[in-house]
Amino acid sequence: MRYAAPDNLAYVVADEFDPDDENVYLMLVPDGHPSILNGTGAFIFLAAVAGDDLIAATAAAAGVPADEVAADVTAFVDDLVQRGYLVPRPDPAP
């Protein structure tokens, strides 16, 4: 499954402003609470909004087989969806 950022999510990729800051700052607008994703969480979120295959991308970045990260990536993405930071989007037609 692929994901996208919902229309009511504002986020900033900090390294666009400060190369030493690899965090992603996000908030549901207009009345959400600010959140910070760092490290692998930031990587997965950015891969999701880019439309990447999250398990494959995370496994490749970590240098491990996909089955070693699949459960953790899935659980993290499910949490992001539950919090409203990602929404499922349809897979492209074959």
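Predicted model: local features only at pLDDT ≥ 70, side-chain atom pairs only at ≥ 80, totals over all residues.
**Stop 1: helix 1 against helix 2**

Select residues 39-49, which form helix 1, and then residues 54-62, which form helix 2. The two axes lie 10 Å apart, and the helices pack at an angle of about 140°. Angles over 145 degrees would count as roughly antiparallel and 65 to 115 as roughly perpendicular, so helix 1 and helix 2 are oblique to each other. Helix 1 crosses helix 2 with right-handed geometry.

Now show side chains at the contact. On helix 1, pick Thr-40, Phe-43, Ile-44, Ala-47 and Ala-48. On helix 2, pick Leu-54, Ala-57, Thr-58 and Ala-61. Colouring this set by residue class gives seven nonpolar, two polar and no charged residues.

**Stop 2: helix 2 against helix 3**

For the contact itself, select Leu-54, Ile-55, Thr-58 and Ala-59 on helix 2. The partners on helix 3 are Ala-66, Val-69, Ala-70, Val-73, Thr-74 and Val-77. By class, the contact of helix 2 with helix 3 has eight nonpolar residues, two polar and no charged.

**Stop 3: back to helix 2**

Finally, select Leu-54 and Thr-58 of helix 2. Both take part in the contact with helix 1, and both also take part in the contact with helix 3.

Notes
Residues numbered from 1 in each chain as written. Heavy atoms only, no water. Axes fitted to C-alpha atoms, helices over the stretch in contact; angles between N-to-C directions. Helix = DSSP H or I, 4+ residues; strand = E, 2+ residues; numbered from the N terminus. Parallel < 35°, antiparallel > 145°, perpendicular 65-115°, else oblique. Left-handed = near helix turned anticlockwise from the far one by under 90°. Contact = heavy atoms within 4.5 Å. Nonpolar A, V, L, I, M, F, W, Y, C, P; charged D, E, K, R; others polar.
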